[in-house]
Structure formats: C-alpha cells, structure tokens
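Try each task before you read its solution.

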Amino acid sequence: MALSWALAALSLLPLLDAQSPVCANLTAEPITNATLDQISGKWFYIASAFNNPEFNQSSRTIHAAFFYFAPNHTDDKILLREYLTIGDKCVYNSSYLKVQRENGTVSKYEYGKEQFADLLLTKDPKIFMFGFALKDEQNKGLSFYTDKPEVTEEQMRVFHEAITCIGMQKSEISYTDAKKDLCGPLDKQHKEERQKEKEGDTALG
C-alpha cells in the first residue's frame with residue numbers, strides 16, 4: 001500500500017525563484033531536533049497533486065487519512081503510524097522514515113527503491129508540505145498536511161500558491177474529506193491498548 005503522501009522527491013531548490021513570494025515557503029531547510037519536535041504528533045492529509053501516475057492513482061483512492069509522527073532524535077528515524085480510509089475500509093500501516101538532516105529530506109523504501117521527499121515547513125507551524133521530484137516534469141508533485149481536519153482559507157491558499165509555483169494547476173489537486181473517515185474507532189482502540197501497556201509497564205516498574 002502506497003503511503004498517502006507517496007514519498008518521492010528530488011531537491012526543490014534548483015527550480016525555485018528566490019525572488020518570488022509565491023515560492024518563498026518552498027525552501028527545504030536542514031532538519032534539526034526542533035524541526036522533528038514541530039512535526040511530532042497527529043497530522044491530517046488534506047490534499048495533493050502528482051504527475052507521477054502511480055502516486056496520482058494512489059492518492060485518488062484515499063477518501064480520508066491521518067497519521068502520527070514519532071521522531072527519534074538519536075537514530076534519525078520517524079515512526080509513522082497512518083490510518084487511511086480507502087473505499088469502505090480503514091487501512092492501518094506502521095513503518096519508519098529515515099531522516100536526512102542536512103538535505104532537509106525524509107525517505108522510505110517504496111516502489112522497489114528508496115524514495116525521498118523534501119520537508120517543507122511554512123510560517124504557520126500548524127501546516128507542512130512534502131515536495132516530490134520537482135525537477136522531473138513527469139513525476140513532480142506536492143502534498144499538504146494540517147494539524148486539524150478543518151483547513152482555513154489562508155492555509156489552503158498557501159498550498160494553492162505552492163501548486164502554482166511548481167507549474168501545476170489547481171484542477172490537478174486531489175482532496176480528502178474528513179467526514180468520510182472510517183478509522184476513528186481503530187485509532188481509539190490503539191490509544192486504549194497503548195495506555196494499558198503503559199500502565200502495565202508502570203505497575204511492573
């Protein structure tokens with residue numbers, strides 16, 4: 001199962017016009033511990049646009065999605081737990097992402113090779129984007145995440161401007177719908193199980 005944000009990225013920097021305010025938020029910065037802390041926790045997959053056929057098809061099968069990032073500062077890895085609503089089913093996946101601090105990227109082995117994505121933070125700490133293969137016209141794309149299922153007009157404008165910046169059209173964007181989420185019960189179950197494990201460990205200690 002492809003990840004909801006279909007990791008596959010090359011450096012954004014050669015494509016960006018440093019003078020363009022539209023592109024100002026699309027600069028991948030080195031990843032620090034503070035960066036990892038900022039993206040830690042629960043996020044909602046809101047929208048994406050891909051030229052890559054596999055990623056485009058995969059993204060359009062996802063009705064709703066949310067996930068948890070649990071970074072490990074020492075190992076430079078991020079535990080990813082994602083909940084995808086596909087059709088009338090909830091699909092749960094757990095995996096690890098590698099962090100390339102200096103490049104500002106994360107990666108995952110997928111589609112038979114290591115795939116990379118630029119971590120793109122904005123002035124708003126409640127949103128972020130992943131940039132994908134933007135030097136490759138046939139495979140480029142962006143995906144957009146927020147810390148709540150509801151998105152403000154300003155937050156969506158940031159994503160729309162980024163889509164324009166990379167030379168794609170708004171009509172190419174695929175959106176999710178949190179109202180179609182079917183993974184809430186499983187998420188609740190997992191939280192209860194982890195809480196019981198934590199209480200058990202405390203009792204043993």
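The exercises that follow go from the overall fold to single pairs of side chains in this predicted model.

**Exercise 1. The fold**

Task: Find how many helices and strands there are in the protein, and write down the order in which the elements run.

Solution. 
- Step 1. Count the elements. The protein has four helices and nine strands.
- Step 2. Start at the N terminus and read on. The order is α-β-α-β-β-β-β-β-β-β-α-β-α.
- Step 3. Residues 24 or more positions apart account for 62% of them.

**Exercise 2. Inside and surface**

Task: State what share of the residues counts as buried, and how much area the protein exposes.

Solution. 
- Step 1. Take the chain as a whole. The protein has 205 residues, and 45% of them count as buried.
- Step 2. Ask which atoms supply it.

**Exercise 3. Salt bridges between loops**

Task: For the salt bridge of Asp 76 with Arg 101, give the distance between the closest N and O atoms.

Solution. 
- Step 1. Begin with the total. The whole structure has eight salt bridges.
- Step 2. Take the first pair. The closest N and O atoms of Asp 76 and Arg 101 are 2.6 Å apart.
- Step 3. Asp 76 is in the loop between β2 (62–72) and β3 (77–86), and Arg 101 is in the loop between β4 (89–100) and β5 (105–110), so the bridge ties together parts 25 residues apart in sequence.
- Step 4. Asp 76 is partly exposed at 23% relative accessible area. Arg 101 is partly exposed too, at 21%.
- Step 5. Move to the other pair.
- Step 6. Asp 147 sits in the loop between β8 (141–146) and α3 (153–165), and Lys 126 in the loop between β6 (113–121) and β7 (127–132), so parts 21 residues apart in sequence are tied together.
- Step 7. Asp 147 is partly exposed, at 26%. Lys 126 is partly exposed, at 40%.

**Exercise 4. Buried or exposed?**

Task: Lys 140 forms a salt bridge with Glu 137. Is Lys 140 buried or exposed? Is Glu 137 buried or exposed?

Solution. 
- Step 1. Get the distance. The closest N and O atoms are 3.1 Å apart.
- Step 2. Recall the cut-offs. Buried means under 20% relative accessible area, and exposed means over 50%.
- Step 3. Apply them. Lys 140 has 5% relative accessibility, so it is buried. Glu 137 has 52%, so it is exposed.
- Step 4. Look for a network. Salt bridges with shared partners join Lys 42, Asp 187 and Lys 191.

**Exercise 5. Rings**

Task: Find how the rings of Phe 66 and Tyr 68 are arranged, and those of Phe 130 and Tyr 145.

Solution. 
- Step 1. Start from the total. The whole structure has 15 aromatic pairs.
- Step 2. Take Phe 66 and Tyr 68. Their ring centres are 6.4 Å apart and their planes stand at 85 degrees, so the pair is edge-to-face. Both Phe 66 and Tyr 68 are buried.
- Step 3. Take Phe 130 and Tyr 145. Here the centres are 5.6 Å apart and the planes at 75 degrees, so this pair is edge-to-face.
- Step 4. Locate them. Phe 130 is in strand β7 and Tyr 145 in strand β8, so the pair ties together parts 15 residues apart in sequence.
- Step 5. Check burial. Phe 130 is buried at 1% relative accessibility, and Tyr 145 is buried at 0%.
- Step 6. Widen the view. Ring pairs link Trp 43, Tyr 45, Phe 67, Phe 69, Phe 128, Phe 130 and Tyr 145 into a cluster.

**Exercise 6. Charges over rings**

Task: Which residue lies over the face of Phe 66?

Solution. 
- Step 1. Over Phe 66 lies Lys 42, at 4.5 Å from the ring centre.
- Step 2. Over Tyr 68 sits the charged end of Arg 81, 4.5 Å from the centre of the ring.

Key
Residues are numbered from 1 along each chain as its sequence is written. This is a predicted model: local features need pLDDT of at least 70, side-chain atom pairs count only at pLDDT 80 or more; totals for chains, interfaces and linings use all residues. Side-chain values use heavy atoms; hydrogens and water are left out. A salt bridge is a side-chain nitrogen of Lys or Arg within 4 Å of a carboxyl oxygen of Asp or Glu. Helices (H or I, at least four residues) and strands (E, at least two) are DSSP runs, numbered from the N terminus. Buried means under 20% relative accessible area, exposed over 50%, partly exposed in between (1.4 Å probe, protein chains only). Contact means heavy atoms within 4.5 Å. Accessible areas come from the Shrake-Rupley method with a 1.4 Å probe; for residues, only the protein chains shown count as cover. Rings of Phe, Tyr and Trp (its six-membered ring) pair if their centres lie within 6.5 Å; planes under 30 degrees apart count as stacked, over 60 as edge-to-face and the rest as tilted. A charge sits over a ring if NZ of Lys or CZ of Arg is within 6 Å of the ring centre and within 35 degrees of the ring normal.
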